[in-house]
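Subject: A structure for you to explore

Hi there,

Here is the structure I promised to pass on to you. Have a look around it first, and then read my notes below.

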Amino acid sequence: MEALAAFILFVVFAVASGPSQPTQPGSATSGESEPVAQAPPAAPAQPPVQPAQPPAETPGPAPEGKLQVYFLDVGQADSILVKFPGGQTMLVDAGNNDDGPGIVSYLKQQGVKKIDYLVATHPHSDHLGGMDTVINAFPIGKVYMPKVAHTTKTYEDVLRAIQANGLKVTAARAGVSVLQDGALSVSLVAPCGSGYEDLNDWSAVVKIKFGSTAFLLAGDARGPSESEMLTSGADLKADVLKVGHHGSRHSTTSAFLKAVSPKYAVISVGAGNPYGHPAPETLAKLEGAGIQVFRTDRDGTILAESDGKTVTVKKLGTSIQPRAPNSGAVAAPVPGVKSGEYIGNRNSKIFHRPTCTSLPEPQNRVIFTSREEAIKAGYRLCKRCRP
């Protein structure tokens with residue numbers, strides 16, 4: 001599997017500059033991730049990539065239209081839809097595996113017919129899990145991914161979808177310009193280097209500027225990546241910060257937050273998640289800086305709009321899937337299911353606790369008398385209820 005993933009990675013990065021890099025071992029994350037079948041050799045440290053120096057500030061053209069950024073409620077995962085003023089679209093991350101169909105449905109409801117720019121911030125499954133479903137559902141323009149491999153089936157599925165649809169991958173790294181159109185620009189400010197110990201630090205960090213407003217989408221970048229971004233001299237200031245790594249204590253250092261100096265912060269996080277996200281100390285930093293915080297676990301999908309001069313943020317209250325219950329909440333018992341039994345979905349091959357809010361329709365249910373029986377039958381654990 002490792003050799004296969006490496007081969008596919010070589011193929012999809014065919015248009016990226018420079019030779020392929022060695023794979024990076026999957027590392028522990030407080031976000032969703034899958035077990036690594038076999039860790040490849042550690043990638044050698046390489047000199048940091050120097051980001052392009054920002055051009056001198058000159059008056060640009062007046063902005064026209066609106067920029068819309070939707071932070072989708074996909075539970076303990078990330079997915080962000082950007083609708084540019086000229087009608088083009090960008091999707092940054094695509095939630096977990098079982099979020100794919102819901103994301104596709106939501107995008108179609110939003111009138112999306114093509115995704116012009118697709119960004120997988122990094123290979124963890126809570127960021128690219130549904131991306132193969134998205135790739136197979138829409139025409140895709142350009143694909144950006146950091147040049148690092150993972151050995152999970154989820155990652156391999158995404159590479160296969162890219163290859164099957166004849167797409168190529170542009171390596172995501174600091175200094176890459178994604179889009180420049182009058183008052184609108186999209187660029188990457190991370191990763192600045194390579195050979196990171198933690199896969200989260202490979203996260204592509206997206207900076208969107210529209211008129212005098214800006215958004216910074218931080219993926220799962222942690223303190224080491226934030227430090228590199230600060231050292232690079234990149235313009236990090238933004239009105240809206242998508243907080244890194246679901247608001248964990250490993251991200252949003254005080255120095256980074258000061259440089260970004262956002263008015264609004266958005267945290268993509270699942271209710272009652274087992275990681276304790278967002279961390280109380282991160283929330284304290286944000287609140288102490290007078291930043292208004294929005295959270296997908298409480299506010300559902302969040303829409304931030306810019307007319308090029310000001311940003312407004314709305315709580316849409318919608319979710320891609322039924323949300324996980326808040327801590328302590330208990331769903332109603334399922335008729336016909338005894339205590340200690342589990343419910344599988346014969347279509348997705350995922351099994352749940354009977355109290356899970358993501359139970360399949362009755363006609364698709366399979367009852368297991370034990371957790372071991374479900375696993376032996378080839379079913380995978382639900383990432384919401386963690387049976």
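Let me start with a term: two rings of Phe, Tyr or Trp (for Trp, the six-membered ring) count as an aromatic pair if their centres lie within 6.5 Å, and the pair is called edge-to-face if the planes are over 60 degrees apart. Please keep in mind that this is a predicted model. By that definition, the structure holds six aromatic pairs.

One of them joins Phe84 and Tyr117 edge-to-face, with 6.3 Å from centre to centre and 75° between the planes. Phe84 sits in the loop between β2 (80–83) and β3 (89–92), while Tyr117 belongs to strand β4 (residues 115–119), so this pair ties together parts that are 33 residues apart in sequence. Both Phe84 and Tyr117 are buried.

Another edge-to-face pair is Phe368 with Tyr379, at 4.9 Å centre to centre and 65° between the planes. Because Phe368 is in strand β18 (residues 365–368) and Tyr379 is in the loop between α10 (371–376) and β19 (380–381), the pair links parts eleven residues apart in sequence. Phe368 is buried, at 5% relative accessible area, and Tyr379 counts as buried at 9%.

Now for the sheet. Eight strands make up an open, mixed sheet in the order β6-β5-β4-β3-β2-β1-β14-β15. Its edge strands, β6 (169–171) and β15 (311–315), each pair on one side only. From one strand to the next, the twist averages 20°. Within the sheet, β1 (residues 67–71) and β14 (residues 302–306) pair antiparallel over five bridges; Phe71 has Ile302 in β14 as its bridge partner.

Enjoy exploring!

Terms used:
Residues are numbered from 1 along each chain as its sequence is written. This is a predicted model: local features need pLDDT of at least 70, side-chain atom pairs count only at pLDDT 80 or more; totals for chains, interfaces and linings use all residues. Side-chain values use heavy atoms; hydrogens and water are left out. Two strands pair if DSSP finds at least two bridges between them. Helices (H or I, at least four residues) and strands (E, at least two) are DSSP runs, numbered from the N terminus. Axes are lines fitted to C-alpha atoms, for helices over the stretch in contact, and angles run from 0 to 180 degrees between N-to-C directions. Rings of Phe, Tyr and Trp (its six-membered ring) pair if their centres lie within 6.5 Å; planes under 30 degrees apart count as stacked, over 60 as edge-to-face and the rest as tilted. Buried means under 20% relative accessible area, exposed over 50%, partly exposed in between (1.4 Å probe, protein chains only).
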